[in-house]
Amino acid sequence: MFDADLIKKVYEHLPTRVKKAREKLNRPLTYAEKILYSHLFETQPLEVFGRGKDYVDFAPDRVAMQDATAQMALLQFMNSGKETTAVPSTVHCDHLIQAQVDGKTDLSVAFHANKEVFDFLESVSNKYGIGFWKPGAGIIHQVVLENYAFPGGMMIGTDSHTPNAGGLGMVAIGVGGADAVDVMAGMAWELKMPKLIGVKLTGKLNGWTAPKDIILKVAGILTVKGGTGAIVEYFGEGAESISATGKGTICNMGAEVGATTSLFAYDESMERYLKATGRTEVAEMANELKDVLSPDPEVYKNPEKYFDQLIEINLSELEPHINGPFTPDLATPVSEMKKAAKENGWPLDVSVGLIGSCTNSSYEDISRAASIAKQAVDKGLKAKSEFTITPGSEQVRYTIERDGYIDIFEQMGGKVFANACGPCIGQWARPGADKNEKNTIVHSFNRNFSKRNDGNPNTHAFVTSPELVTALAISGRLDFDPVNDTLKNEKGEQVKLDPPTGYELPVNGFDVKDPGYQAPAKDGSKVSVVVAPDSNRLQLLEPFEPWNGKNISGAKLLIKALGKCTTDHISMAGPWLRFRGHLDNISNNLLIGAINAFNNQSNKVKNQLTGEYNEVPKVQRAYKAKNIPTVIVGDHNYGEGSSREHAAMEPRHLGVIAVIVKSFARIHETNLKKQGMLGLTFDNEKDYDLIQEDDTFNFVDLDSFATSKQLTLEVVHADGSKDMIKLNHTYNEQQIKWFKAGSALNLIRKQN
């Protein structure tokens, strides 16, 4: 069992700290508040913090990093001057394995293709006391749930779906690598005190409805930005009826509504899961603190008094949902899909059905999906669509193979990929994707932005539960409703699929031969970390230049992004993942997916020095060569999606000084601040319309940059006319110091 001493220490202090917080606030506490107030950094005074207003210093219990983001995080940590991490930390190799043939083959290819990066991550982990999960061990969030997550704890992870650990009652928050460096270096981790959204669940799931449908429903209610700056806390008798892994699914995909994190209070399902995964000692300790590891009773009785927003969902009436395409919040009940697909012209033939990923790859998920596959085999049905399975961990894969589920999927025509992210993050060598043909895929992943899975902008990706994905793959139709429709089998008979059945946990327990964990050296001082000077995969970092204290003038417009601009648009994944450890090389994908508001095209912007149009990175490099600062302008929820800090580091590296938008996604705004950039919002959103293609920007009062004080921007148009616009910001005194120092890391290094 990992972290036994750490967990004991947390539980020793938890009751006293919760009591003090309750006395200070002079009211009952929600579960999220109990964890937040009990994890204040040692120098942070206990106060009544304003939700959505006050910045608070926290002390997370641990840090987790996936291999794509760990590279840059650890390159930064190497510059911090620390000899070992201050809190338990882990690296998980799950993003750099491309799905193409099958798990064994793809893993072998990945080992060779990424050896330099894997060796770097292994050696850095070994040197600085970091646990290392080898390629093939599994997806970071599933591995964390199986080994590290515990009720009442707090962790941060360099991946937006870190909230998966909320399924075990943990406040787990996705962050950029610079935030991880702070915590690993023993510094406080700063977060604006989140607002609280309560989701009261009544009734019980039945029939075809699964835990995934709860978050699909919530996404439809809140939209992709409705949870920004908030923790979503689920409660009610309906919550207690859901398995721990089902809870994890819901918390995982809470990232798609912009939530800081999501969580459930400790209950018997978590106790069962802890014991099943070899952590009986944690379950027994948690059982002694049940009243602390749940909201105060008054919160359940009158939730409207304690949450900023309250949502109620009756699980007994909830219908299976299919969300998409192109956005995870476009929610359609399965009974309405026929009508919706016809009205919108969505392709009805399902080309591929994909189950698994960090969101839905538990034993329960796989067993329920397998029950549908078994029916197909028994009832003479063959899958009309391609079908793939991506196990979440080696422990799950080994156990489902032992219990015969993989054999069932293969009988249906399924293909098992490696225990890695694969198609979910664009690591999918899908044959024919380069033809950009219009098609539909359905998956049990969490994110379905354009080009996200296979690079094809015309792939309509829909998100649903694993069991429904399996049914749709068997039918081959997006508009198939398994609740009411029948299928014709090989004998010409009309047969109906029965609702899925499965097991919350394996009857014969989990089993695994090699989980894939490697402990670090006890003394890392003699371990060498080598980065070849001529490497195109890894590049040691040079500190960013500090601000000179003067107003910035003569800045040019790089791009005015139109509509949705996610971190996928700003810094694409897929084939670009191989450059995540090389800042200059990966900067060649800067904003290549963003739509230019002036020509409605991607990766084609005007170079004001020549008047010609070219690719965004090339234009920006031309400005950088002339030492001309630039500005990016964006729409609402700019930076939605992944936690990848490359979306902030790339523009910083290439000379962008400010990003001005209507609104930011939380993680991206923080990442910009950490890298010493200006992340600003229009005071009047209509000023977005004033920005023209040939504009020049002058900051007139940046030399008096201060908290709670607007900035004034002079926008000079090509005809000589000017507009003075007001910009808002959320920088506090510490974050302004980051800006002045050139980055947060520069400040840490200076303090050391």
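Predicted model: local features only at pLDDT ≥ 70, side-chain atom pairs only at ≥ 80, totals over all residues.
Reader: Why are helix 3 and helix 7 called oblique to each other?

Author: Their axes cross at roughly 45 degrees. Roughly parallel needs an angle under 35 degrees, and roughly perpendicular needs 65 to 115. The pair is therefore oblique. The axes of helix 3 (residues 67-77) and helix 7 (residues 177-184) come within 9 Å, and the crossing is right-handed.

Reader: Which residues meet there?

Author: Helix 3 brings Ala73, Leu74, Gln76 and Phe77. Helix 7 brings Gly177, Ala178, Val181 and Met184. They divide into 6 nonpolar, 2 polar and no charged.

Reader: What makes helix 15 roughly parallel to helix 18?

Author: The axes of helix 15 (residues 363-378) and helix 18 (residues 466-475) cross at roughly 25 degrees. Angles under 35 degrees count as roughly parallel, so helix 15 is roughly parallel to helix 18. Here too a contact can be listed. Asp365, Arg368, Ala369, Ile372, Ala373 and Ala376 in helix 15 meet Pro466, Glu467, Thr470, Ala471 and Ile474 in helix 18. The contact holds 7 nonpolar, 1 polar and 3 charged residues.

Reader: How do you know that Arg62 lies over the face of Tyr148?

Author: Arg62 is at 4.0 Å from the ring centre. The limit is 6 Å, with a further limit of 35 degrees from the ring normal. Arg62 is listed as lying over the face. Tyr148 also belongs to a cluster linked by ring pairs, with Phe2, Trp133 and Tyr517.

Reader: Where does Lys673 lie?

Author: Over the face of Tyr731, at 5.0 Å from the ring centre.

Methods: Residues numbered from 1 in each chain as written. Heavy atoms only, no water. Axes fitted to C-alpha atoms, helices over the stretch in contact; angles between N-to-C directions. Helix = DSSP H or I, 4+ residues; strand = E, 2+ residues; numbered from the N terminus. Parallel < 35°, antiparallel > 145°, perpendicular 65-115°, else oblique. Left-handed = near helix turned anticlockwise from the far one by under 90°. Contact = heavy atoms within 4.5 Å. Nonpolar A, V, L, I, M, F, W, Y, C, P; charged D, E, K, R; others polar. Phe/Tyr/Trp six-rings, centres within 6.5 Å; stacked < 30°, edge-to-face > 60°.
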